[in-house]
Amino acid sequence: MDKYVIEGTPKTPSINFDLNGGVLEIKGRSIPENSIEFYKPLVDALDKYSSAAKSATTVHVQLEYFNTSSSKCILDVFKKLESINKGGSSVTINWHYEEDDEDMLEAGEDYQAIINVPFKMVMVNE
Amino acid sequence: MQSNFDVSNMLDVFEIYEKMEQNNILLSFKGEITSDLLTSILQIMENKMVNMQEEPKLKKKVYNVLVECLQNLYHHMDDISEVSHENNRSAIFMIGKNQGKYLIYTGNYILNENISRLKSVLDEVNSLSKEELKDYYKKVLNNGEMSMKGGGGLGMIDIARKTGEKLDYDFLEIDNKVSFFTLNIKVTQQN
């Protein structure tokens, strides 16, 4: 598997995971009723990637909305990244938020406080 | 000509209309809460807020809180068909706007045996300050049990954090088996 790609929908984000390049992008809205079902394949892809991780792994999370059902699944994704980081690939999580969206910035800081991986808070102009 | 209808049994539609008008209701729904319905309600409300040229910041807050309220109804509504003649999966949802504030009202049946658990979550959330809520959120996020349905009160904590308001709720006892749970939420510009 070189790539894991999922198209976005009104309730789920687009996912673009380039395993050869070590780049994972999650973009859009994440408000499904059943988040576990949506995120499980991504967690599995990260599992596969972890056995042959690149020296650096770059993650971009750019969410417009996410529900609390997704928040736990996103934490699971970050925990996988934490173990990949421990395993020798240097992981950076870029958390994007829109200029006026303090709630989204705060959500990123919540994850930053829990997960032992370098975070970058990236402000996006609307 | 005399009407064949027994007027006393009919709904006073105008009365309902006037009540909604007085309360500036933008959208209301009563019935079964399905996944497709949630998608439609969210789409309608998003369009309405765009048309009303709502501040992006407030629009996002309202949208986020709406998602949590509606998904609470979708996931946690008790099936009371075994113990009551009432329509089992039915709930009410209303959203209004008054003087720049959005008001979200939800109502659904709950089994009396489940009240104390929900009440303890609500009271816990209401007892906490902004900073304490942030810590509580992180604690439940990191340690809480997650089911297919959601995350052990995370939705209520999130609503309280995003609105900066106490959760205004009530349990109206219908009989010895079921009650009607109502939640009123106010969303304003301030954080």
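The model is a predicted one. Chain A holds an open sheet of six strands with mixed pairing. Chain A and chain B bury about 2800 Å² between them, and 10 salt bridges are found across their interface.

**The sheet of chain A**

- The six strands follow the order E1-E2-E3-E4-E5-E6, and the sheet they form is open.
- At the edges lie strand E1, residues 3-6, and strand E6, residues 119-124, each of which pairs on one side only.
- On average, neighbouring strands of this sheet are turned by 15° against each other, with direction ignored.
- Strand E2 (residues 14-18) and strand E3 (residues 23-30) of chain A are paired in the antiparallel sense, over five bridges.
- Within this part of the sheet, Asp18(A) has Val23(A) of E3(A) as its bridge partner.

**Helices on the sheet**

- Helix H1 of chain A, residues 35-50, packs on the sheet and touches E1, E2, E3 and strand E4 (56-66).
- The direction of H1 makes about 10° with that of E2(A).
- Helix H2 of chain A, residues 68-86, also packs on the sheet, where it touches E3, E4, strand E5 (90-98) and E6.
- The direction of H2 makes about 175° with that of E4(A).

**Extent of the contact between chain A and chain B**

- Chain A brings 28 residues to the contact, and chain B brings 34 residues.
- Interface size is often expressed as the accessible area that is lost when the parts come together.
- For chain A and chain B the buried area is about 2800 Å², and carbon and sulfur atoms give 48% of it.
- On the side of chain A, the residues that lose the most area to chain B are Glu33(A), Tyr65(A) and Thr68(A), which together make up 24% of what that side buries.

**Polar and charged links across the interface**

- The interface of chain A and chain B has 10 salt bridges.
- In a salt bridge between the two chains, the side chain of Asp103(A) meets that of Lys61(B) at 3.0 Å, N to O.

**The side of chain A that touches chain B**

- E4, H2 and helix H3 (102-114) of chain A are the elements that give two or more residues to this side.
- H3(A) gives the most, with eight residues.
- By type, the residues of this side divide into 14 charged, nine nonpolar and five polar.

Notes: Residues numbered from 1 in each chain as written. Chains lettered and ligands numbered in written order. Predicted model: local features only at pLDDT ≥ 70, side-chain atom pairs only at ≥ 80, totals over all residues. Heavy atoms only, no water. Pairing = 2+ DSSP bridges. Helix = DSSP H or I, 4+ residues; strand = E, 2+ residues; numbered from the N terminus. Axes fitted to C-alpha atoms, helices over the stretch in contact; angles between N-to-C directions. Contact = heavy atoms within 4.5 Å. Buried area = accessible area lost by both parts, 1.4 Å probe. Salt bridge = Lys/Arg side-chain N within 4 Å of Asp/Glu carboxyl O. Nonpolar A, V, L, I, M, F, W, Y, C, P; charged D, E, K, R; others polar.
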